[in-house]
Every structure is written in structure tokens, then in C-alpha cells.
Amino acid sequence: MKKLINLFNFKQKVDYKIEIMSGLTVALALIPESIAFSFIAGLSPLTGLYASFVMALVTSIFGGRPGMISGATGAVAVVLVSLSLDYGVEYIFAAVILAGILQAAAGLLKLGKLMRLVPHPVIFGFVNGLAIIIFMSQLDQFKDASGAWLTGANLFIISGLVILTMLIIWLLPKLTRAVPASLVAILVVFAIVYFGDITTSTVGDLASIKGGFPPFHIPDFPFTLEAFLVILPYSAIIAGVGLIESLLTLNIVDEITETRGSGNREAIAQGSANILSGFFSGMGGCAMLGQSLINISNGARARLSGIIAAVALLAFIMFGSSIIEQLPMAALTGLMIMVAIGTFEWASLKTLKRMPKSDILVMVLVTLVTIILHNLALAVLVGVIIAALVFAWDNAIRIRARKRIDEQGVKHYEIYGPLFFGSTSVFTDKFDVLNDPEEVIIDFKESRVVDMSAIEALNKLTERYLKIGKTIHLKHLSPDSRRLLKNAEEIIDVNIIEDPNYKVVTD
């Protein structure tokens with residue numbers, strides 16, 4: 001039992017009041033977003049609400065980051081649109097289950113460590129883009145049913161309620177942190193609208209949230225290779241998008257709380273949650289940065305807040321729909337605008353003058369791709385590729401060769417910097433094969449042979465020296481490098497004490 005408690009991190013210190021109140025606040029914030037994401041995917045509102053309940057509950061109990069909230073997300077909804085239109089909801093349930101299996105497999109294979117390859121400018125761009133998306137999505141509340149901007153009294157009412165919500169969330173923590181400011185703001189605005197008999201849009205105007213317990217349902221899906229190949233691309237994209245968004249959110253929450261979560265454990269939990277979501281009539285999802293930041297900013301740090309959020313959401317669906325549907329959208333809009341303001345990395349703007357131009361390019365590009373395409377996985381992938389190319393270019397031009405001729409007339413080339421596919425041409429240009437003396441020593445003590453392109457460059461260089469009868473010695477190469485060189489036995493000086501030991505990438 002003790003091992004189980006330690007495994008789920010239930011022994012951490014828990015502030016029950018903060019956890020419960022924060023969980024209730026998160027549950028309220030989950031409702032409009034879950035409904036909106038259901039509409040994006042062309043599904044019923046309950047499909048998104050059920051997904052948020054299952055995702056939040058499973059990941060809160062088993063996930064790798066206490067305090068992080070998962071649910072139905074726009075990133076997953078966008079992927080499901082065409083599948084919903086062409087094949088229907090049963091294929092969606094099957095695709096979500098398969099995506100969950102892929103995510104769980106990634107966690108079991110410990111692929112969560114790949115998030116270490118995501119550079120900081122990419123994270124900045126991802127966070128800033130997501131903050132702008134959250135803010136822009138709230139602007140729809142200032143439009144009428146036809147899509148035209150509100151005017152007159154309607155605009156004045158919703159603007160005033162939104163500003164009031166934001167002021168309470170901003171000012172209350174300066175006075176007391178006994179209760180979450182966001183929950184107080186929602187209740188105050190609700191009371192003003194209800195008792196003041198103010199006409200404004202409510203949650204019920206989006207859709208009814210009344211329902212029962214998520215029904216267990218095996219997807220009515222033909223188990224054929226043809227049907228499997230239909231859902232496989234969607235499942236792969238859902239799995240990738242979900243893991244990227246979840247693990248990036250985990251990293252951001254880690255930084256805020258100055259603790260460390262487990263990426264592999266989170267991947268397994270996300271996968272398990274999506275599998276259950278598909279079987280319990282949900283559209284699937286992943287970690288939600290906005291709701292996670294609401295939870296963390298309220299002071300919640302334990303698993304209890306996420307569990308409360310999930311249970312409260314289900315209770316609202318089953319028993320409290322008539323009350324929740326009366327919540328003014330202005331209160332939730334003000335809350336999400338404050339989340340957007342808090343999410344944006346304002347420090348990234350302050351450091352623009354000190355950041356390398358390549359980092360600024362990566363950050364801006366990731367932000368733009370996130371905003372324009374709403375494709376978080378693609379934005380992160382583009383950022384990582386560009387950052388990798390910039391890194392390769394920088395290292396390619398940094399390779400140096402210090403040259404000297406000793407008393408015996410032997411010429412020494414002391415190489416500095418990594419030798420890899422990007423630096424081979426610069427490396428080769430350092431040598432004057434025809435005019436060099438009869439004996440040459442190339443020392444790799446301050447360098448490293450990284451890949452097969454580097455090995456091939458060494459082979460060609462040594463062939464040029466040997467072809468004209470000059471003696472060449474290669475010093476301080478790893479055993480792996482020596483094995484891959486064609487003329488290794490003749491030209492390499494072996495020093496067991498000083499020679500480095502590393503592997504050359506061969507694929």
C-alpha cells in the first residue's frame with residue numbers, strides 16, 4: 001500500500017481548501033471550451049464534456065505532473081473534423097482509442113525524453129502563440145449570432161462584466177489568497193447577473209450540458225484492414241499532437257512550480273485516458289495549458305484538484321446543468337483573457353535585443369504557425385527543425401585548425417570543433433595537401449568525429465596524402481572512428497590513455 005501511495009505521489013502536502021476550490025473553478029472553465037471544441041469537430045456537446053471528464057480524472061490520478069489538467073482540446077478537435085464529416089462518430093471513437101494505444105506505447109518506450117530536444121525559443125513561441133489563440137477565441141463573445149460585433153447596451157454589459165471579472169482576479173490575490181480569485185470572480189459576476197436580472201449570454205446559450213454518466217460503448221467499427229488504414233493517419237496525428245502539447249505543458253508547469261514531472265509517465269496516462277475516452281463516448285484530448293495555469297495560479301499543487309475538477313464536471317452534467325447553464329459567459333471570458341495574459345511570456349519581449357537573431361526567428365515563426373494554422377505539433381516541429389539547422393550551420397563554420405611545423409619539419413593540424421556532415425567541406429579546405437611536408441599529423445584531441453560523413457571526409461583526405469607518398473598520422477580518435485576508417489591500421493597513432501571513447505553515428 002505504501003508503494004502504491006508513493007507511486008501516485010499521494011503523500012505530498014495537500015491544502016484541501018485550495019485544491020477543492022481550484023478544482024471547482026477548473027470544472028467551470030472546462031465547460032464552455034469542451035462544448036466549443038465539440039462543435040469544431042462536428043460532434044455533440046456531451047462528446048467533448050465526457051472526454052474532459054475522463055481525461056481529467058485519469059491523468060490527475062496516474063499522470064506524471066500533479067496539478068496539470070487534461071481535457072478535450074482544440075488541437076485534437078481540428079484533426080477530427082474531416083474524419084467526422086466523412087465517416088461519422090464511431091470512427092472517431094476508434095481513432096481516439098488507437099491514438100491512446102500509440103501514446104501509451106511511446107511512454108512505455110520512454111520516448112518522453114525526446115522533449116529535451118525542444119529548444120527554449122520553440123517553447124517561448126509555442127506559449128506565446130497559444131496565449132494569443134486563447135485571447136482571440138474569447139473575442140467571439142463580443143459578437144452576436146450572425147457574427148457581427150455587438151453594439152450599444154449589449155456591448156456595454158458584456159464589456160463591463162468581463163472587466164469586472166478581470167479586476168477581481170487581479171486585485172483579490174493582493175488582499176487575500178484564502179480563496180481562488182477566479183472562483184470568486186465567477187460567483188460575483190453570476191450573482192450580479194442573476195439578482196440584477198441582467199440579460200447577457202450564458203453557458204446555456206452555447207448548448208445544453210444535461211446528460212448522464214458517460215455510457216460505455218464499443219465503437220461500431222468494422223475491424224478490417226481498410227478501416228484500420230482510414231483511422232491510422234488520424235490516430236498518429238492525434239497521438240503526436242497530444243503528446244507534444246501535453247509534454248510542453250508539463251515542462252511549463254515544471255518551471256512555474258520549480259518541481260519536475262515525469263514525461264514518460266504522463267505519456268502513458270494520456271494514452272490510457274484516450275483509450276477510456278474512446279470507450280466512454282468521448283472525443284479524446286490532451287493536457288490543457290490554459291486550465292492547468294488556472295489551477296496552478298490558484299495555488300493547487302496536488303492531484304486532488306484535477307480529481308475534483310473531473311468529478312465536479314460530471315456532477316454538473318448529471319445534476320447541476322440547470323444552474324451551470326445560467327453562468328454568464330462574460331465571467332468565463334474574463335477568466336480566460338486573464339489566463340492568456342498570464343500565459344504569454346512577456347520576458348521573451350524584454351530579451352529580444354539580447355537574443356541571437358536565429359532564436360528570435362525560431363520564436364516568431366513558431367508563434368505565427370501556432371496562430372495561423374492552430375497546429376501546435378507542426379509549429380513545434382518547424383521550430384525544432386529550424387533550430388537544428390541553425391545549430392548545424394553554427395557548428396559547421398566553427399571548426400578550426402591550428403597549424404604549426406615542429407623542429408623535425410613535421411606539420412601539425414590541431415582540429416577544434418565537431419567534424420560532422422555540415423563541417424566536412426570547411427574541414428577539408430583547411431589542408432594544403434600538395435604543399436605540406438612529407439610527414440603530417442592531424443590531432444583530434446579538441447574535436448570529435450560525429451557521423452559517417454565525417455568518416456568519409458577523413459577517408460578521402462588520407463587517400464589524397466597517401467596517393468602522393470606522404471606520411472600522415474591521425475591522433476586521438478575513438479576506437480569506433482578507427483574501425484570505420486579504411487586505412488586505420490597504417491595511419492592512426494593509438495594512445496590508449498588519451499584517446500577518447502565515443503560512438504560515431506552510422507545511420
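The model is predicted, and local features require pLDDT of at least 70, side-chain atom pairs count only at pLDDT 80 or more, and totals for chains, interfaces and linings use all residues. Residues are numbered from 1 along each chain as its sequence is written, and side-chain values use heavy atoms, with hydrogens and water left out.

The protein chain contains 22 helices and seven strands; helices (H or I, at least four residues) and strands (E, at least two) are DSSP runs, numbered from the N terminus. The C-alpha trace spans about 100 × 55 × 50 Å along its principal axes. Of the 507 residues, 51% count as buried, where buried means under 20% relative accessible area, exposed means over 50%, and partly exposed lies in between (1.4 Å probe, protein chains only). Contact means heavy atoms within 4.5 Å. Among contacts between residues at least 6 apart in sequence, 79% join residues at least 24 apart.

Strand S4 covers residues 411-419, and seven of its nine residues are buried. S4 pairs with strand S3 (residues 400-405) in the antiparallel sense over six bridges; two strands are taken as paired if DSSP finds at least two bridges between them. Within this pairing, Lys403 has Tyr413 of S4 as its bridge partner. S3 and S4 form a hairpin with five residues between them, and Gly409 in the turn has a positive phi of about 80°. S4 also pairs with strand S5 (residues 439-449), here in the parallel sense and over eight bridges. In that pairing His412 stands opposite Ile441 of S5. Together with helix H19 (residues 424-429), S4 and S5 make a right-handed β-α-β unit. A crossover is right-handed if, with the strands pointing away from the viewer, the path from the first strand over the helix to the second runs clockwise.

Arg464 is located in helix H20 (residues 452-467). This residue is partly exposed, with a relative accessible area of 39%. When neighbours within four places in sequence are left aside, Arg464 is in contact with Thr428 and Val433. Arg464 and Ile441 are separated by 23 residues in sequence and by 14 Å in space, C-alpha to C-alpha.

Two packed helices are described by the angle between their axes and the distance between the axes. Helix H3 (residues 45-62) and helix H11 (residues 263-279) pack at an angle of about 150°, and their axes are 9 Å apart. H3 is therefore roughly antiparallel to H11. Axes are lines fitted to C-alpha atoms, for helices over the stretch in contact, and angles run from 0 to 180 degrees between N-to-C directions. Angles under 35 degrees count as roughly parallel, over 145 as roughly antiparallel, 65 to 115 as roughly perpendicular and the rest as oblique. H3 passes H11 in a right-handed crossing. On the H3 side the contact is made by Ala51, Val54, Met55, Val58, Thr59, Ile61 and Phe62; on the H11 side the contributing residues are Arg265, Glu266, Ala269, Gln270, Ser272, Ala273, Asn274, Leu276 and Ser277. A crossing is right-handed if the near helix is turned clockwise from the far one by less than a right angle, and left-handed if anticlockwise.

Phe53 also lies in H3. At 8% relative accessibility, Phe53 counts as buried. Residues up to four places away in sequence not being counted, Phe53 touches Phe213, Pro214, Ala310, Leu313 and Leu314. Phe53 and Leu434 are 381 residues apart in sequence and 73 Å apart in space, C-alpha to C-alpha.

Ser38 belongs to helix H2 (residues 16-40). Ser38 is buried, its relative accessible area being 0%. With residues up to four places away in sequence not counted, Ser38 touches Leu43, Ser44, Pro45, Thr47, Gly48, Leu49 and Met283.

Positive phi values also occur in loops. Asp197, a residue other than glycine, has a positive phi near 50°. This residue lies in the loop between helix H8 (181-195) and helix H9 (203-206), and Asp197 is exposed, with a relative accessible area of 67%. His476, also not a glycine, has a positive phi of about 60°. The loop holding His476 runs between strand S6 (471-475) and helix H21 (479-484). His476 is buried, with a relative accessible area of 6%.
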